[in-house]
Amino acid sequence: MTSMLSIDQVTKLYRTSSLGGGLVAALRQVSFDISGGEVVTLIGESGSGKTTLGRIVLRLASATSGQVTFDGRDISEFSGTRLREYYRHVQGVFQDPFSSYNPIYRADRIFELLRGVYFPRLRGQQWQDKIEAALHAVALNPGDVLGRYPHQLSGGQQQRLLIARALLLDVRLLVADEIISMLDASTRVDILNLLISLKRAGLAILFITHDLSLGHYVSDRTVILRRGAIVEMGDTVEVFSHPRHPYTRNLLAAVPELHKKWSPPAAGATAEPGRSAANGEPPAPGRAGITSLTHRGLARRQASAAGRARALEPPPPLLPVGPDHLAAEAEP
Amino acid sequence: MSVRVEHLSIAYRTRSGDVCPVDDVSFSVADGEIMGVAGESGSGKSTLGTSLIYLDARMKHLGGLVELDGGTLPIADNRAMRAYRMKEISLIPQYAMSALNPTRKIRRLIADLLRSHNVRDREVMTELKRRIALVGLDEDVLDRYPFELSGGMRQRVTLLLSTLLNPSLLIADEVTSALDVSTQRAVGETMLEFRDRGFVKSLIVITHDLSILAQLADTVLVMYAGRLAEKAVTGTIIDAPLHPYTQLLLASLPAVGLRYDQAALAGIPGRPPSLANPPDGCRFRARCPFAFDRCLTTPPFEEVAPGHFVACWKAAPA
């Protein structure tokens, strides 16, 4: 497979003028590829830069350095017709479906807005057929959704409608940023299965999530992002069954599972430095004790100071640790 | 017996009539028990939790009884409930951590709250500092503004704040939902620790996430469209659920280590019924693969095995 989208050494610095000033690195030299028909899951906690990366791919933000290429062309150079063509192939769907709609218009206006830009010459009936085909692809009944207002649709229906909108175009890459975290468990899986059937039809998906089990269920490859840098990436099964970076291991240990209680974390496997130890008070017997876990907030002050210093220096390099599996050395 | 709720019904007044998201609900929570309440959005789980402590202007108490430590809670009387709030029963509402006043330091927030409940803060503050250390925070959080804290820290501050006066019952509504997995775990374990140390006697943990309840809860109550579907100890709910809704809900959860090419999960077709005009009989009927003509009458919420309650004709002993 040749890569369709290539993310090459992308760094994004944000200026923080309000608190202290200086630069914060949202992304540090991130590189990976997405091939046609491939689902890549980008996993990271809040503040890891996963959404920023999705926004850069969608040209909603620009990289400070590094480049993103689509079919070998640098996307930052697109404008006018070229950019419009790019959006014909690359579309995004986001976490809160309701906020993607204008509540005073009917929900299917999202289709009409596309028509003006991309299908000005399509006649009425052809256009209707196209919409119905797209709705059919996302398992929606046109009669249930057309002509309705956003608040009359369930979250799952809203999200499907947005995916259908992307399918009207000749979409080849879908950036799906936390698209199911606001849905109920019973409809979540249907959206996941929809993504999988679209993937089988050749769509590539950048699936951005903080939920490891969902990420594992849908993806071919997994990229784990921590504080703007990739700590581990590779084949999904390989990464999940042989996690090498302590951060990945710790994330996996924290996932709540139905048939397994949280086990005490391995010594030294805390995800963040700078956590505070509780004084006195031994933890309750039988459990690791809450104090042994990550306390990211406290670490934030030190981390942001350190992060600023680290912003311009490269993150630890990724080394091969297995077949199609790269991991960084643990940062001190 | 710490909490006993009997035939509680709560309605919202709307222009098109009463909508009843808590419909004839009965359950009890023992001392030291953590009871999870699970259900989809709109199942009434948050209304249930809120109604035990505060009925706002839209909410109406249609009937039923709530007992706490043997005494009846005057839940319909807003003024009389004041004496119980924070001291006997506390609620962490949904999005509580986003509701901390950003212009006040944590210390001031806590002092205001204590003053409004006529508690002198000297001795409580000593205890507060001890607990701050216990949950792994630094004493200097007291001198920070809420926006200077991360989500997990803020959620632990709301936990500390609402349990400071050692209430009998803490109702925690979606406290882990907006958090990352590692922070979720830290907050979840904080709740267990508080229970183990007796800072709260019992907890009602409301969440849509069954896998969190598998970690925390002793018993789980499953709600569907305003009614109780099933209640049992956590292990039974997860390994041997009897209500079809519970079974289908569990089957729709992907486990770590499961991939689409190994097993296809399925969601539950359809949507929950509108509570403005609920259907007769079992409310899960329209989505249930096992529905038969008897489901047109409402199944009772019955004990089918010790401690295992189900509202389903197929599960009830004949």
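Two strands count as paired if DSSP finds at least two bridges between them. The model shown in every view is predicted.

**View 1. The hairpin of S9 and S10 in chain A.** Strand S9 of chain A covers residues 221–226, and strand S10 of chain A covers residues 229–235. They pair in the antiparallel sense, over six bridges. Two residues separate S9(A) from S10(A) in this hairpin. Arg227(A) sits in the turn and has a positive phi of about 45°. Arg221(A) faces Asp235(A), which stands opposite in S10(A). Ile224(A) stands opposite Glu232(A), also in S10(A). How much of S10(A) is buried? Six of its seven residues are, and the strand is mostly covered.

**View 2. From S10 to S12 in chain A.** S10(A) also pairs with strand S12 of chain A, residues 325–328. This pairing is antiparallel and runs over three bridges. Met233(A) stands opposite Leu326(A) of S12(A). Asp324(A) belongs to the loop between S11 and S12 of chain A. Its phi is near 50°, a positive value in a residue that is not glycine. Asp324(A) is partly exposed: 13 other C-beta atoms lie within 10 Å.

**View 3. The eight-stranded sheet of chain A.** The sheet is open and its pairing is mixed. The strand order is S6-S7-S8-S3-S9-S10-S12-S11. Which strands stand at the edges? They are S6 (90–93) and S11 (318–322) of chain A. Each has a single partner strand, so one side of each lacks a neighbour in the sheet. Between neighbouring strands the average turn is 20°, direction ignored. In general, strands of a sheet pair through backbone hydrogen bonds, in either the parallel or the antiparallel sense.

View 4. Ile43(A) lies in strand S3 of chain A, residues 39–43. Is Ile43(A) buried or exposed? With 27 other C-beta atoms within 10 Å, Ile43(A) is buried; the cut-off for burial is 20 or more. Leaving aside residues up to four places away in sequence, Ile43(A) touches Thr209(A), His210(A), Leu212(A), Gly215(A), Thr222(A), Ile224(A) and Leu225(A). One of these, Ile224(A), is the residue that stands opposite Glu232(A) in View 1.

**View 5. Helix H6 of chain A.** This helix has 14 residues, 155–168. At 1.5 Å a residue they should span 20 Å. The end C-alpha atoms are 20 Å apart, which agrees. Of the 14 residues, 13 are buried, so H6(A) is largely enclosed by the rest of the structure.

**View 6. Chain A as a whole.** The secondary structure comes to 11 helices and 12 strands. Chain A has 332 residues, and 45% of them count as buried. Among contacts in chain A with a separation of 6 or more, 67% join residues 24 or more positions apart.

**View 7. The two nonpolar cores.** The largest nonpolar core has 89 residues. Those with the most contacts inside it are Ile171(B), Ala172(B), Ile204(B), Val205(B), Leu213(B) and Val222(B). Which residues does Ala172(B) touch, not counting residues up to four places away in sequence? They are Ile92(B), Met191(B), Leu203(B), Val205(B) and Ile206(B). A second, separate core has 81 residues, including Val90(A), Ile205(A), Ile208(A) and Ala254(A). In soluble globular proteins, nonpolar side chains tend to be buried together.

**View 8. The side of chain B that touches chain A.** Here 47 residues of chain B are in contact with 48 residues of chain A. Four elements of chain B give two or more residues to this side: helix H4 (121–134), helix H5 (151–162), helix H6 (181–196) and helix H7 (210–216). H6(B) gives the most, with 11 residues. By type, the residues on this side of chain B are 23 nonpolar, 15 polar and nine charged.

**View 9. Asp24 in chain B.** Asp24(B) is part of strand S2 of chain B, residues 17–29. Its phi is positive, about 55°, although Asp24(B) is not a glycine. Asp24(B) has 18 other C-beta atoms within 10 Å and is partly exposed.

Note on methods. Residues are numbered from 1 along each chain as its sequence is written. Chains are lettered from A and ligands numbered from 1 in the order in which they are written. This is a predicted model: local features need pLDDT of at least 70, side-chain atom pairs count only at pLDDT 80 or more; totals for chains, interfaces and linings use all residues. A nonpolar core is a set of buried Ala, Val, Leu, Ile, Met, Phe, Trp, Tyr and Cys residues joined through C-beta atoms within 7 Å. A residue is buried if 20 or more other C-beta atoms lie within 10 Å of its own, exposed if 12 or fewer, and partly exposed in between; C-beta atoms are placed from the backbone. Two residues are in contact if their C-beta atoms, placed from the backbone, lie within 7 Å. Ala, Val, Leu, Ile, Met, Phe, Trp, Tyr, Cys and Pro count as nonpolar, Asp, Glu, Lys and Arg as charged, and the others, Gly among them, as polar. Axes are lines fitted to C-alpha atoms, for helices over the stretch in contact, and angles run from 0 to 180 degrees between N-to-C directions. The expected span of a helix is 1.5 Å times one less than its number of residues.
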